[in-house]
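Let us take a friendly walk through this structure, one step at a time. Have a look at the chain first, and then read on.

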Amino acid sequence: MSDTNHSSEMPTGRDGYATGSGPFIPKSPNEALKPERVPEPPRRSKKARSQIVIFLNFVMTLIVFACIIGIAGFYYMISEFQKAGPLETNTHFLVREGAGLAEISNTLERNGIISDGRIFRYVAATYLTKDKTLKAGEYEVKAGASMKDVLALLESGKSILYSVSMPEGLTVRQMMTRLLEDPVLEGDLPRELPPEGSLRPDTYKFSRGTKRSDILSQMRAAQEKLVDQIWQKRDPDLAIKTKQEFVVLASIVEKETGKDDERAHVASVFLNRLQKGMRLQSDPTIIYGLFGGAGKPSDRPIMKADLDKQTPYNTYQIKGLPPTPIANPGRAALEAVANPWRTKDLYFVADGTGGHVFAATLDEHNANVKRWRKIEAERANAADAENAVVDGQPGGPEAEKPPKGD
């Protein structure tokens with residue numbers, strides 16, 4: 001029997017555990033304290049040390065870094081684009097015709113509407129396409145509007161609208177004066193006036209930068225269309241036969257009364273007179289003959305002496321209609337002439353309440369005139385009342401009698 005066993009023959013490592021790698025060789029204390037040699041790390045392959053690989057790694061690092069910056073920048077721009085803007089109060093902003101995105105962006109920033117024109121320009125450039133553009137016009141930007149709100153507003157084209165009103169009964173010259181005096185409209189008007197009666201009375205809306213000539217063209221086209229529409233629906237028994245005569249008579253009706261409920265009645269009086277061959281004897285035609293498109297001064301009454309003045313428009317002197325309209329008639333006056341009341345009345349005079357009283361005979365009319373003169377005498381000096389002509393057809397010897405047999 002041996003004095004050793006198998007377990008005692010197993011070699012051990014530094015910690016006393018068996019290594020199984022050979023016989024155990026005892027070490028002195030000094031040797032045991034010495035550090036063992038650490039194996040060298042594996043050498044990098046030649047492929048890993050290639051300059052191309054190093055360059056590609058550098059490029060990839062730059063790309064990743066750029067992506068991080070780009071994403072951060074994108075979120076920053078979107079955040080700035082959507083947050084409330086610096087504007088403290090509502091303001092107007094004008095986009096001129098032909099202005100580019102860079103100009104608009106810089107002007108918005110300069111006016112304190114947006115905080116950064118570059119962000120607005122870059123984001124707008126990605127949003128706008130051929131079908132989406134920033135439209136010229138004047139816009140009202142609300143306080144605190146974000147760049148997103150401003151872009152949507154300028155892209156919508158919902159600019160501020162102004163208006164110019166043309167009441168019924170104005171002459172062409174008076175309408176042209178209103179266009180010239182409007183402070184928002186731009187450009188000149190033609191030197192030659194359009195024909196009297198060719199402009200439609202209405203309220204016309206426009207944005208800043210609109211040309212006066214554009215509004216004028218719109219007025220002419222609108223009146224021509226309106227006259228054609230109403231003329232086609234006229235009474236077939238109408239005493240007038242042409243559109244020109246139609247507009248002339250409508251302009252006289254327009255100037256004679258402003259009450260909607262009596263225009264067709266006034267029209268019937270004039271049409272009855274035309275059918276009987278009587279003179280129209282309309283005061284507004286005298287005024288137009290004396291003062292033209294400028295109109296009568298407000299403090300100048302029509303005097304009896306005016307009835308004898310020879311002008312192409314003095315319907316106390318001429319028979320039939322004057323050569324042109326005396327104003328621009330509106331829809332109501334045109335419709336009244338196209339479809340008048342069927343009456344036998346030949347006269348009318350003011351009733352003192354803003355309307356008129358009508359009569360079929362001269363005696364009835366003279367009685368109405370007498371009442372009107374009394375009202376006028378109470379309102380004005382007696383001398384002025386005696387010399388002034390009453391509204392409508394005058395009474396007394398000036399009023400024309402119907403032809404015998406009628």
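Just after helix 10, G292 adopts a positive phi of about 65°. Helices here (H or I, at least four residues) and strands (E, at least two) are DSSP runs, numbered from the N terminus. Before you go further, please note that this is a predicted model, in which local features need pLDDT of at least 70, side-chain atom pairs count only at pLDDT 80 or more, and totals for chains, interfaces and linings use all residues. Residues are numbered from 1 along each chain as its sequence is written, and side-chain values use heavy atoms, with hydrogens and water left out.

Q281 sits in the loop between helix 9 and helix 10 (283-291). Most residues other than glycine have a negative phi. Q281 is not a glycine, yet its phi is positive, at about 50°. Is Q281 buried or exposed? With 3% relative accessibility, Q281 counts as buried, where buried means under 20% relative accessible area, exposed over 50%, and partly exposed in between (1.4 Å probe, protein chains only).

Helix 10 itself has buried residues: D283, P284, T285, I286, I287 and Y288. Helix 8 is included in what covers them, and contact here means heavy atoms within 4.5 Å.

That brings us to helix 8. Two packed helices are described by the angle between their axes and the distance between the axes. Helix 8 (residues 243-256) packs with helix 9 (residues 263-276) at an angle of about 130°, their axes being 10 Å apart. Axes are lines fitted to C-alpha atoms, for helices over the stretch in contact, and angles run from 0 to 180 degrees between N-to-C directions. The angle therefore makes helix 8 oblique to helix 9; angles under 35 degrees count as roughly parallel, over 145 as roughly antiparallel, 65 to 115 as roughly perpendicular and the rest as oblique. On the helix 8 side, L249, I252, V253, E254 and E256 make the contact, and on the helix 9 side R263, V266, A267, F270, L271 and L274. By class, this contact of helix 8 with helix 9 has eight nonpolar, no polar and three charged residues. Ala, Val, Leu, Ile, Met, Phe, Trp, Tyr, Cys and Pro count as nonpolar, Asp, Glu, Lys and Arg as charged, and the others, Gly among them, as polar.

Helix 3 (residues 101-110) and helix 4 (residues 117-127) pack at about 145°, with 8 Å between their axes. Here L101, A102, S105, N106, L108 and E109 of helix 3 meet G117, F120, R121, A124 and A125 of helix 4. The contact of helix 3 with helix 4 has six nonpolar, three polar and two charged residues.

Helix 4 also packs with helix 5 (residues 147-156), at an angle of about 50° and with axes 11 Å apart. Helix 4 and helix 5 are therefore oblique to each other. I119, F120, A124 and Y127 from helix 4 meet M147, V150, L151 and E155 from helix 5, and these residues divide into seven nonpolar, no polar and one charged.

Finally, consider the whole. The protein has 13 helices and six strands. Of its 406 residues, 37% count as buried. Among contacts between residues at least 6 apart in sequence, 65% join residues at least 24 apart.
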